[in-house]
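Work through the exercises below with the sequence and the 3D structure open beside you. Try each task before you read its solution.

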Amino acid sequence: MEKMTISQKILAKHAKKDFVKPGEIILADVDLAFANDVTAPIVIKFVNDLGGVIANKDKIALIPDHFTPNKDINSANQCKIMRDFVKQNNIKHYWESGEVGIEHALLPEQGYIKPGMLIVGADSHTCTHGAFGAFATGMGSSDVGFAFATGKSWFRVPESIKFIINGKRNKWVGGKDFILKIIGTIGVDGALYKSMEFCGSAISELPMDDRMTMCNMAIEAGGKNGIIEADETTINYLKERNIADYEILKSDEDAQYVKIYEFDASNIEPQVAFPHLPENTKGISEIKEDIKIDQAFIGSCTNGRISDLRIAAEILKNNKVAKYVRLIIIPATVEIYKQAMKEGLFDIFLEAGAVISTPTCGPCLGGHMGILADSEVAVSTSNRNFVGRMGSPKSFVYLANPAVVAASAVAGKIINPVEVIK
Amino acid sequence: MIVAKVWKFGDNIDTDLIIPARYLNTSDEAELAKHCMEDADPDFVKKAQKGDCIVAGFNFGSGSSREHAPIAIKAAGISCVIAKSFARIFYRNAFNIGLTILELPETDKISEGDTLEIDTKTGKIFNKTKNETYQATAIPEFMQELIESGGLFNYAKKMIQKGA
């Protein structure tokens with residue numbers, strides 16, 4: 001029997017095959033397909049043009065998270081298309097403003113993601129869900145429309161690259177820094193079309209939130225998916241949500257990888273990605289110049305989870321946001337929002353002078369809730385620092401972890417958290 | 001056969017450059033076309049003529065899954081995109097909406113303003129301006145079949161009719 005990686009195994013299982021090899025094209029059964037308010041209108045058109053067939057209503061989800069609460073008339077109309085479709089077809093997995101959160105935080109939290117699943121989403125950050133040992137990949141609206149209608153999708157089985165991170169993680173370093181370090185090493189197309197598999201003792205010690213952050217940014221290296229085998233940490237996360245009934249798949253020991261990279265966690269410090277590519281990374285101690293900021297953003301599908309907010313609070317406690325700096329904090333889901341409120345994090349944020357918003361993708365993609373003006377500089381926990389990503393095409397975005405962003409908001413410039421928390 | 005004038009772009013032309021998110025509050029093709037490549041070249045839509053092509057470097061279409069990106073390019077009248085490589089989701093999306101794309105490692109040899117004769121079937125590209133011929137990477141067999149069966153939509157239609 002030929003050896004397979006975890007990604008090959010999941011694809012083989014869903015194509016009802018014993019073995020699939022990289023490069024092979026397969027048609028596979030999809031366990032979950034979803035879309036958001038930007039991508040759903042085109043998905044819905046695809047499905048309706050086919051006569052409105054939905055293969056399995058329980059295996060699709062619609063999540064209005066990007067421009068909600070509706071930011072303008074056009075966005076409201078896009079959400080209405082979505083809502084009408086949901087009502088018409090009596091689709092269960094839909095969340096209205098007040099209950100909706102950012103799709104890649106909401107779906108795991110609500111127990112939709114399990115190890116071994118095959119997941120497609122009309123959003124490039126769908127790769128987040130690989131953190132659970134699932135195969136999850138972003139696709140366009142037509143492909144997701146195809147999955148809605150047929151319950152299937154076609155895949156080119158990807159080659160895999162293995163990233164081994166061993167050693168002890170430093171203080172103020174998280175999954176964000178691991179993935180930025182990797183992207184800085186291999187480049188924004190370093191994993192083009194490929195599966196990125198993360199393992200090693202430092203990954204085993206990472207909490208689920210950080211694992212999601214890592215898999216979330218696989219797409220920023222061009223990866224088809226990011227994946228981490230399920231372990232005790234995963235099982236405990238699922239147990240807390242009363243989820244059982246799943247199969248844990250693991251890579252064979254001598255499975256084929258096109259490349260293997262090894263990192264020592266103890267050598268990784270907080271990373272900052274400079275404009276305008278996520279690969280332009282520097283360790284925080286390598287930054288010699290003063291980078292003054294106008295805005296700091298903590299949130300998004302990358303770093304808007306409860307552990308991110310706790311880290312931000314640790315830094316912001318008894319500190320104030322610098323003059324003329326806006327700090328925007330957006331919990332990714334309602335559950336995270338409630339938890340942060342219960343733990344008193346909002347008091348700390350408000351005392352520090354931050355803005356707290358209801359869950360939305362909002363400023364990450366220059367949608368709403370914090371758009372940048374010409375020549376402004378932002379430091380953000382989100383995933384992309386492309387030209388114009390957060391507003392004006394003449395603005396500048398630096399990517400970092402929540403500790404660096406919170407500390408920078410206090411200092412008014414990009415700074416190592418150790419300089420704020422002495 | 002496409003005959004097209006070239007507009008040249010660099011590496012990593014991401015989907016935010018192709019169609020910024022501030023215009024994603026609609027999926028109307030004509031509206032998206034108005035802002036095609038706006039943050040890479042604000043005058044692109046004014047300058048480009050119907051039938052022109054885009055030639056770029058590595059990783060064209062990186063970033064978001066927005067199908068609005070190839071839709072904006074197609075609706076702006078661009079006949080074809082030739083790049084050293086394409087980001088994965090953009091690659092699928094372009095096929096799915098019927099925008100012709102070709103992978104060509106030698107795009108550095110092509111200059112802005114050159115006229116290309118592109119045989120989309122064979123991937124043969126003749127640069128009339130420079131009198132050079134290039135061979136684009138063959139389109140994967142399965143994607144050829146997909147095109148021949150009338151695209152993903154018709155493929156889905158057949159599957160549903162068969163009750164697969």
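## Exercise 1: A covered helix

Helix α5 (residues 88–97) of chain B is mostly covered, with 10 of its 10 residues buried. Buried means under 20% relative accessible area, exposed means over 50%, and partly exposed lies in between (1.4 Å probe, protein chains only). Helices (H or I, at least four residues) and strands (E, at least two) are DSSP runs, numbered from the N terminus.

This is a predicted model, in which local features need pLDDT of at least 70 and side-chain atom pairs count only at pLDDT 80 or more, while totals for chains, interfaces and linings use all residues. Residues are numbered from 1 along each chain as its sequence is written, chains are lettered from A and ligands numbered from 1 in the order in which they are written, and side-chain values use heavy atoms, with hydrogens and water left out.

**Solution.** 
- Step 1. The buried residues of α5(B) include Arg88(B), Phe90(B), Tyr91(B), Asn93(B) and Ile97(B).
- Step 2. Gly98(B) follows α5(B), and its phi is positive, near 85°.

## Exercise 2: The interface of chain A and chain B

**Task.** How many residues of each chain are in contact, and what area do chain A and chain B bury between them?

**Solution.** 
- Step 1. Contact means heavy atoms within 4.5 Å. On the chain A side 48 residues are in contact with 43 residues of chain B.
- Step 2. Buried area is the accessible area (1.4 Å probe) that two parts lose on being put together, summed over both. For chain A and chain B this is about 3,700 Å², with 62% of it on carbon and sulfur atoms.
- Step 3. A salt bridge is a side-chain nitrogen of Lys or Arg within 4 Å of a carboxyl oxygen of Asp or Glu. The rule finds two across this interface. Asp16(B) forms a salt bridge with Arg389(A), and their closest N and O atoms are 3.0 Å apart.
- Step 4. α5(A) gives the most to the side of chain A that touches chain B, with six residues.

## Exercise 3: Two domains of chain A

**Task.** Where are the domains of chain A, and how many salt bridges are counted between them?

**Solution.** 
- Step 1. The assignment gives domain 1 (4–261) and domain 2 (272–417) of chain A. Such bounds come from an automatic or database domain assignment.
- Step 2. The centres of the two domains, taken over C-alpha atoms, are separated by 24 Å. The contact takes 38 residues from domain 1 of chain A and 39 residues from domain 2 of chain A.
- Step 3. These domains bury about 3,000 Å² between them, 59% of it on carbon and sulfur atoms. Ile102(A), Trp172(A) and Lys176(A) supply 24% of the area that domain 1 buries against domain 2, more than any other three residues.
- Step 4. Three salt bridges are counted between the domains.

## Exercise 4: Two residues of chain A

**Task.** Is Asn225(A) buried or exposed, and which residues of chain B does Gln78(A) touch?

**Solution.** 
- Step 1. Asn225(A) lies in strand β9 (residues 225–227) of chain A. Its relative accessibility is 0%, so Asn225(A) counts as buried.
- Step 2. A polar contact of 3.2 Å joins the side chains of Asn225(A) and Ser7(A). A polar contact is a pair of N or O atoms within 3.5 Å; within protein, one must be able to donate a hydrogen and the other to accept it, and residues adjacent in sequence count only if both atoms are side-chain atoms.
- Step 3. Gln78(A) is in helix α3 of chain A and is buried, with a relative accessible area of 4%.
- Step 4. Not counting residues up to four places away in sequence, the residues that Gln78(A) touches include Leu24(B), Asn25(B), Thr26(B) and Ser27(B).

## Exercise 5: A salt-bridge network

**Task.** Which residues are linked with Asp29(A) in a network of salt bridges?

**Solution.** 
- Step 1. The side chains of Asp29(A) and Lys16(A) meet in a salt bridge (2.4 Å, N to O). Asp29(A) is in strand β1, and Lys16(A) is in the loop between α1 (6–14) and β1 of chain A, 13 residues apart.
- Step 2. Asp29(A) is partly exposed at 24% relative accessible area, and Lys16(A) is exposed at 66%.
- Step 3. The network links Lys16(A), Asp29(A) and Lys152(A).
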